[in-house]
Amino acid sequence: MTSFTSSRARRIFGGWSANVAGLVLALTQQIILIPLFLKYWSGETLAAWLAIFAAGMLVLTLDAGLHAWSLNRFLQFKPRADCDRRTDRFYGAMLRLYAVYSALLIVAMLAIFTGIAPSRLLGFSSEPRFDLSFAIMAIGMVVTIPSNLMTALYRARGLYGRIGALQALGLAIGQIGQVIGIVSTGSLLVVTSAFVAGQVAVA
């Protein structure tokens, strides 16, 4: 087996392993942890958490197509003789664009949350610290959006396994924090913060 074939096999296996780990952790987050949450929370608090979690996943879709566009550009640079120079210049420009875009999203969200309380809109007015938890989830997910640029670069270079492993690590950190948080405090705010911390830590 040539070194090229061996390296390619390692990348394929690494990507596959990261995908499997990510799938297992996603199932753990959305299914396996639910009975544990119900042991410490009421049905209403669990419903509040699921609404907050869904909002966080929705925020991740606000990439506005920048990830796909960046991936296409990186792939276009790949066969060029000056690939690294073009990639570095484009990466820097896109990172600045992502930073400005994310900052604008955060400002817009803060303005919306100031004018409209998510707890009233979603029917969780009686849930303690729901609004703060909702804001932490939404803004925390916005903070992770610029990491899509690195994901695009790794995918273009055939190194998806690395970014998949980082994402799985973030989920694992968040889930450990959620378990510790709910067992020790039973707080929706603590559980939300733990989840967000895991995502931001690897972004």
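How many helices and how many strands make up the secondary structure of the protein chain? The structure is a predicted model, in which local features need pLDDT of at least 70 and side-chain atom pairs count only at pLDDT 80 or more, while totals for chains, interfaces and linings use all residues. Residues are numbered from 1 along each chain as its sequence is written, and side-chain values use heavy atoms, with hydrogens and water left out.

The protein chain has nine helices and zero strands, where helices (H or I, at least four residues) and strands (E, at least two) are DSSP runs numbered from the N terminus. The C-alpha trace spans about 60 × 40 × 20 Å along its principal axes. Of the 203 residues in the protein chain, 38% are buried, that is, under 20% relative accessible area with a 1.4 Å probe, protein chains only. Contacts (heavy atoms within 4.5 Å) can also be sorted by sequence separation: among those between residues at least 6 apart, 77% join residues at least 24 apart.

The buried residues of α9 are L188, L189, V191, T192, A194, F195, V196, G198 and Q199. At the start of α9, the backbone nitrogen of L189 has a side-chain oxygen of S187 within 3.2 Å.

Technical notes
Buried < 20%, exposed > 50% of the residue type's maximum accessible area, 1.4 Å probe, protein only. Polar contact = N/O pair within 3.5 Å; in protein donor to acceptor, adjacent residues only side chain to side chain.
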